[in-house]
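Please walk through this structure with me, one region at a time. We begin with a group of strands and end at a metal site.

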Amino acid sequence: MEVASYDLLMDIAFEQLKFKATLKIKLQSEQDVILNSVGLEILHVSSGRGTHRFIQKGEDLMVETGPFDGVLEVEYEGSVPDSLAGIYRAPYDQTHIITTHFEAAQARRMFPCVDQPDAKAEFKLAVRIDKDLDAISNMPVDAVTTEGEKKLVTFRKTPRMSTYLLYLGVGKFDVRAGKVGMTDLLLATTRGKTGLGGFAQEEARMGIQYFNAYYGIQYALPKLHLVGVPEFAQGAMENWGAITFRELLLLVDSNTSTAIKRRVSQAVCHELAHQWFGDLVTMKWWDDIWLNESFATFMAYKALDSIHPEWEVWRNFFNGEPRVETLAGSMGKDCLKGTHPIQVSVNTPDEIEQIFDAISYGKGAHVLQMIEAFIGDIAFREGVRSYLLSHAYANATGNDLWSALEDASGKKVKMIMSRWIQQPGYPVLTVSLRDGKLNLRQERFLISGESEKVTWPIPVIFELNGERKSILMETDEVTVEVDQLRSLKVNPNRTGFYSVHYRDLDTIIWNSDLSPYDKWGILFDSFQFLVSGKITFTQYLQILERFNEENELLPMEEVSDQLALLYTFVPSKIEQISRKFHSTLLKVLQDKTDENSSILRGTVAGRLAAVDADYASKLAESFREYEKVSPDMKLAVAQAYARSTGDYEGLRIAYDKSSSDEDKLRILAAMVAFTEEALLQRAFDFVLSGEVKRQDVIGILGPAAANPRARGLAWNWLHSNIGTLQDMYHGTGRLPEVLFSAIPILGVGRVREVENFFRDHRMPDCEAGISAGLERLRAHDRLVENIMRT
Ligand SMILES: [Zn+2]
């Protein structure tokens, strides 16, 4: 079936949250036409040949057309639910906007269509709405005609594009105009908020300039909207010409923390990167979704590094937020048997929504970085440009990209990439010195401690006695002649997607000139080796001790993260170590004035307050003048206040007074930092009271998991409300990701109970996340047993 165009007219009753629509689809089909359609009431289907009979079955609308070539007209009705996918209502201040989110397979909730990425078509959209409302779509408005109390807004026809990238927003918007070259760059928010979008709009201006130059192709549409959506399950979405954002990642005020400002820029650049890579050229099918996501992830970092070199954003590529993009996050998933290859076969919407994860985003991005390091950045850019040019307004596969990169570089990209994207997991390289030879041996790394004899073609880079060498390691073992080994670094700066296990080479390694990235790699691997049983808890603590005098932010942050995780599992064993480490670290950070230190200082203060009652009560004093606390310290102050005062009412008042999403999230995080069960329970009840944005409900599990006293209650809350949460996030792909992160922490100490619950309560739209989460949970549980025995 070939669709050429959709011509859609929607008559929208804004207050009643209903619509009536007429859709004309120009298409060609060898047999009966089958369209995707969910939740719509189809009234009438006709064509030049008269009326057609139809039936609705599952998510399909089957029309008895026989072989067909022409325009099919469908009349139908629908409603606008309080969901977070498809066409839905996003409430704010006692009113709402109507908005859409279609990725992956939700466009069918607004109009019958061939809802798959390779069925690209032109879209001509028109909406009849109340006179005082505005409408935003992918293309600029072509014409507005007043019809009594209503008006008809017609948009210009789009170029050929995929259904999941279509956008429609209806409501009372304020718009702030802007321009980059010939492109209108427009910020749209609910009334009165455009003043907060200047930062994002400026980031977008610089981002578009960067991508225009990098890709060598000008942004394709006449305008680009940045739309702030009051209820939004994702961070942002790359609808072509109308990028949507949750307000947290678009609106910045004097209270916004440095970390969130960075995430605003990151989200802007990520979605901008998609305007070419994903929107102009789209994957053929969802099994190549990683092409979209890993590429946009990698490109966002490149753009940010060029726009704000002082931010040192590559640090965040290793460890930071969002975790699915980082090396830590992707290796943390890829060390499980329940991981999946980067390129994975998926068919149903349930399956598709579960692969928007650390493998599709992070692992893919890091493998791209590895390939770029292997072929050089100029050849990489040339390959990308020719790929985009050859497939513009059409679809492509991973293979098309490898061919382009191979042509541009003359190197074996296809062979290397096909293995890295089709083989699940990643290798650990064991490095040892034997009979005057350096021995490198690879096998798959599994967090369970099991080993698997699989090999990858690894472009290994190493520095031997200060001299840089590279080999393409295609077998399980290689040896390198070495006269006298004085210093050694394997996988310098961690550009390769593999771990390194040095055997009896301690003095040599620590003698080498280690960058912050190298040190981070050693720390990250050590933690993984601890969990998998490759090293003991005592050995692990010895490694941590080397970082007592550390001065670089990336390794300091990693140690802090690891101690925070261990603290929630075994507080009695970690409390003292954590107190010592975090109080020293806080002193190191005290006098630093750069933004990166300021971000870490906030995190460290919060973690110190968790293990040091005196410090917590001192820090809590600032809560009296909370508005004056610096944005990077606010979360720590609120959490310290909760711990040392137990003042639930005080936090509730602060929640109501908070005007921004970030402020509300800080107070919610503080509410799960209480030490008393009764107070924690009130916090969990509050989250589902209707006063917290739907998009933020599930986010409570993150901060709750960090509090050893809240873990059990958080698990109770999760399993007792699982049905509500499933309904709330249906179609968004958020729940499997959250379950994957929450289960391994909340479940420690109650593995059986958690396993039994998920065995009895099947969730087809979360299965992959649950089984991977359970696997990591079992590893954590073994770790806790080992530590307790030490
Ligand atoms: Zn993306």
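How many bridges join strand 24 to strand 31? Four bridges do, and the two strands run parallel. Strand 31 covers residues 499-502. Strands pair if DSSP finds at least two bridges between them. Within this pair, leucine 429 stands opposite valine 500.

This is a predicted model: local features need pLDDT of at least 70, side-chain atom pairs count only at pLDDT 80 or more, and totals for chains, interfaces and linings use all residues. Residues are numbered from 1 along each chain as its sequence is written, and side-chain values use heavy atoms, without hydrogens and water.

Strand 24 spans residues 427-434, and six of its eight residues are buried, so the rest of the structure largely encloses it. Buried means under 20% relative accessible area, exposed over 50%, partly exposed in between (1.4 Å probe, protein chains only). Helices (H or I, at least four residues) and strands (E, at least two) are DSSP runs, numbered from the N terminus.

Strand 24 also pairs with strand 25, residues 437-445. Here the sense is antiparallel, over eight bridges. Leucine 433 stands opposite leucine 438.

Now to the zinc ion. Its protein donors are His270 (NE2), His274 (NE2) and Glu293 (OE), 2.0 to 2.1 Å away. Donors are N, O and S atoms within 2.8 Å of the metal (3.2 Å for Na, K and Ca); water is not among the atoms, so sites may look incomplete. The donor spacing in sequence is H-x3-H-x18-E. Histidine 270 and histidine 274 sit four residues apart in helix 2 (residues 258-276), so about one helical turn separates them. Histidine 270 is buried at 7% relative accessible area. Histidine 274 is buried too, at 0%.
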